[in-house]
Amino acid sequence: MNIDVKMVEELVKKVIDSVGENDSIRNDDYCYGIFENMSDAVEAAAIAQKKYLNCKMSDRANYVEVIRNVVLKKENLELISQMTVEETGMGMYEHKLVKNTLAAKKSPGIEDLTTEAMTGDDGLTIVEYSPFGVIGAIAPTTNPTETIICNSIGMLAAGNSVVFSPHPRAKNVSLTLIKLINKGLEKAGAPKNLIVTVKEPSIENTNLMMENPKVRMLVATGGPAIVKTVLSSGKKAIGAGAGNPPVVVDETADIEKAADDIVKGCSFDNNLPCIAEKEVLAVDSIADYLIFNMKKSGAYEVKDSTVIRKLEELVINEKGGPKTSFVGKSAKHILSEVGIEVGSEIKVIIMETSIQHPFVQTELMMPILPIVRVKDVDEAIDLAIEVEHGNRHTAIMHSKNVDKLTKMAKLIQTTIFVKNGPSYAGIGVGGEGYTTFTIAGPTGEGLTSAKSFARKRRCVLVGGLDVR
């Protein structure tokens, strides 16, 4: 979709005017969570969290509902979705609408904070989830608004305040969203500065946030480097790292449905989500029919080895990773860069490759989908485990063989394992369950929710309230 730049600029101006950008940024009454420096931001969040401790659970529920409503307001939802595509140059407006709506509607709130109770002759003990305090949260450029939405809901539901460190290439949309949320929270009577950030996100400011002693917990949504950094901080850390989700298709699968599901999942937001299908391992006996049906569903097959080589040179950098300029770009755009013009109905670029090809081994985050033929499903499972690289993120399998589905699920050990559906079913789109855009494979929390951002505390009453 072509973004109307003038319309975006007008919407941004309207929102900025409504949230006091023209007032002094140093005045807590008007900054709506945006500070000149990280030290002030953390201090404000610490003060807010102490006040927040005196709020009731019903207040927390109300504030979570405020966040949902702010995001789901048509004008705001369209604004942040348009701004993200325009500012980052990644993904699709229509799919940003879906993802932001999903984050607002299906991120768990206070209902996630269940209580355990034990009673007996010695009295009553309860175990409850309590806040960490101030959380430092790092958001990526690939899913900037979605991450802020789901983390804000979960972290505030758990009783925390949060200091966001957005990606610099998503600065404007991130600051706009934080202002919108804070304005809604203030109207609802919440303590000011429960959600804060700085005017100029940077690596330096991220480091200052991580080092600040008042930040008690770190949550990083991004690649391996930032996850490693937060895990080395000495603080409680949640790391949501990269993935390279393989898809296995065997001879028992519904091939027509599998082909359609794979194209839909791979092309969702131009393959930006880390859960999206990144390579296909197809049993040889059905590979041709799978490719035929993928083409019917919107895939463009490249057979010329020279063109495949051009694509490789086009989208992979000298270090072997994806070129940022092509991450999240459409299949139509990428093909045009190698001299192939196609219509907008083309969603994914497919080609057959060897298992060692960089398109298989590298998470590209663009709709280029290599297909590797294998002799049988057991070889496919073995290779899927290999190319997933131990990220323990996401894997997909299309099969009606329960034994083989079980085998792959047990051996690959991914946080999300989708059977007979598109990858996005794993985050609640056409699949059961809640959503998140902070999927913590490296540190084991899995699909994070409010309880992920809380610590367990035990409260013991001796010799009373056992009524059995």
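A nonpolar core here is a set of buried Ala, Val, Leu, Ile, Met, Phe, Trp, Tyr and Cys residues joined through side-chain atoms within 4.5 Å. Buried means under 20% relative accessible area, exposed over 50%, and partly exposed in between (1.4 Å probe, protein chains only). This is a predicted model: local features need pLDDT of at least 70, side-chain atom pairs count only at pLDDT 80 or more, and totals for chains, interfaces and linings use all residues. Residues are numbered from 1 along each chain as its sequence is written, and side-chain values use heavy atoms, with hydrogens and water left out.

**Exercise 1.** Find the largest nonpolar core and the residues with the most contacts inside it.

*Solution.* Start with the count: the largest core has 102 residues. Next, pick out those with the most contacts inside it: Leu185, Ile195, Val249, Val280, Leu290, Met294 and Met408. Then spot the other core lying apart from it, with 25 residues, including Ile308 and Phe359. Finally, zoom in on leucine 185: skipping neighbours within four places in sequence, its contacts (heavy atoms within 4.5 Å) are Tyr63, Val66, Ile67, Leu156, Ala190 and Ile195.

**Exercise 2.** Work out why the pair of tyrosine 289 and phenylalanine 292 counts as stacked.

*Solution.* First, the rule: rings of Phe, Tyr and Trp (its six-membered ring) pair if their centres lie within 6.5 Å, and planes under 30 degrees apart count as stacked, over 60 as edge-to-face and the rest as tilted. The whole structure has three aromatic pairs. In this one, the centres of tyrosine 289 and phenylalanine 292 are 6.2 Å apart with planes at 15°, so the pair is stacked. Last, check accessibility: tyrosine 289 is partly exposed at 39%, and phenylalanine 292 is partly exposed at 47%.

**Exercise 3.** Is asparagine 293 buried or exposed, and what does it touch?

*Solution.* Locate asparagine 293 in helix α11. Its relative accessible area is 4%, so asparagine 293 is buried. Then list what asparagine 293 touches, not counting residues up to four places away in sequence: Ile255, Glu256 and Ala259.

Technical notes
Helices (H or I, at least four residues) and strands (E, at least two) are DSSP runs, numbered from the N terminus.
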